Amino acid sequence: MSGGLRYLLADVFTDRAFGGNQLAVFPDGGSVPPELMPRIARELNLSETVFVLPPERTDHTARMRIFTPGSELPFAGHPTVGTACILVADGRVETVASGKDLHADLMLEQVVGPIRVRVRSSDDGYSAQFDVPRLPEFGPEAPAMGELAEALSLREDDLAGGAWQPQAVSCGVPFLMVPVRDRGALARARLNTARWERLLEPYWAPHVYVTTRDVELEGSSIRARMFAPGMGIDEDPATGAAASALSGYLAAREPADTPHLSWRIEQGLEMGRPSIIEVEADQSEGRLTAVRVGGGCVMMGEGMLDLPGALDRA
């Protein structure tokens, strides 16, 4: 296609095709007029689309602009993992051999700041882990549990309660953590759009991360679903930014003298796109000092966008 702009597709937070969260990355995003970026994201209609731009600092790898179908994000997890793996797979980043594996360290600029990412390439595929750019910050008091239950089409006794009260947390993008008592309640959750608009759209954390400790897969710690109509996402199969924020919620309920924490989050199973998000955290004297999020990435293909045609018809 003459004048086309190349993009690559990947499934992120999975080790198999058609799992995880889909991602489109334009590695030569500097060729895209900025005003077309949100329109392209809506056209592709994936959870996120990334445009890779030259870095502002010469010692950094690249700058990222991240779009959902509804908004631009200052930070997102699965685009960070996926973009890093795609840049390595596409030969745009130098790798170093370590035994049978190849490794690369990248510094990716996002609105929240530069993010260090470590990519591993092996016979089993690609994976990456990034340092969360901002430690979890707690938001204002959550809405009443009864109102939240109604917004999720649940009964109030479906919510976990006790030490597991709903709480708003952000590592750059704010999410409302709503623990429920079991997988049955999680599976029944359906966001009531009208109630969401009234209760949560104006709230500090309008995106809802519903979780339970009742897991299905061996080795998992938490099962989750994420609803974000404000981003143009009815439901997301894997949400690294929400998992980053969840680390703060979970760490507050762990023993303060535990220096290293880790959780394995299963998400997307209700959507038929099983995802695994690995989260690690360090803490000292009951305070988090670092959070890392990682997972696998499967290269799915590439395409060409007829940008000149899009410009003619814009």
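Strand β8 (residues 113-122) and strand β9 (residues 125-131) run antiparallel and are joined by six bridges. The model is predicted.

User: What makes β8 and β9 a pair?

Analyst: Two strands pair if DSSP finds at least two bridges between them. Six bridges join β8 to β9, so they pair by the rule of at least two. A hairpin links β8 to β9 through two residues. Ser122 stands opposite Gly125 in β9.

User: How do you know that β9 also pairs with β18?

Analyst: Apply the cut-off of at least two bridges again. Six bridges join β9 to strand β18 (residues 287-305), so β9 and β18 pair too. The two strands run antiparallel. Asp131 stands opposite Arg292 in β18.

User: How many helices and strands does the protein have?

Analyst: The protein has seven helices and 18 strands.

User: What share of the residues counts as buried?

Analyst: Of the 314 residues, 54% count as buried. The cut-off for that word is under 20% relative accessible area. The protein exposes about 13,600 Å², and carbon and sulfur atoms supply 46% of that area.

User: Why is Ser153 called partly exposed?

Analyst: Its relative accessible area is 42%. Buried means under 20% and exposed means over 50%. The 42% of Ser153 falls in between, so Ser153 is partly exposed. Ser153 is found in the loop between α3 (145-151) and β11 (167-170).

User: What makes the phi of Ser153 stand out?

Analyst: Most residues other than glycine have a negative phi. Phi of Ser153 is near 60 degrees, a positive value, and Ser153 is not a glycine.

User: Is Glu285 buried or exposed, and how do you know?

Analyst: The relative accessible area of Glu285 is 79%. The cut-off for exposed is over 50%, so Glu285 is exposed. Glu285 lies in the loop between β17 (275-284) and β18. Glu285 also has a positive phi, about 55 degrees, although it is not a glycine.

User: Where do the centres of the charged sets lie?

Analyst: The protein has 29 positive and 44 negative side chains. The centres of the two sets lie 2 Å apart.

How values were computed:
Residues are numbered from 1 along each chain as its sequence is written. This is a predicted model: local features need pLDDT of at least 70, side-chain atom pairs count only at pLDDT 80 or more; totals for chains, interfaces and linings use all residues. Side-chain values use heavy atoms; hydrogens and water are left out. Helices (H or I, at least four residues) and strands (E, at least two) are DSSP runs, numbered from the N terminus. Buried means under 20% relative accessible area, exposed over 50%, partly exposed in between (1.4 Å probe, protein chains only). Accessible areas come from the Shrake-Rupley method with a 1.4 Å probe; for residues, only the protein chains shown count as cover. Lys and Arg count as positive and Asp and Glu as negative; His and the chain ends are not counted. The place of a charge is taken as NZ of Lys, CZ of Arg, CG of Asp or CD of Glu.
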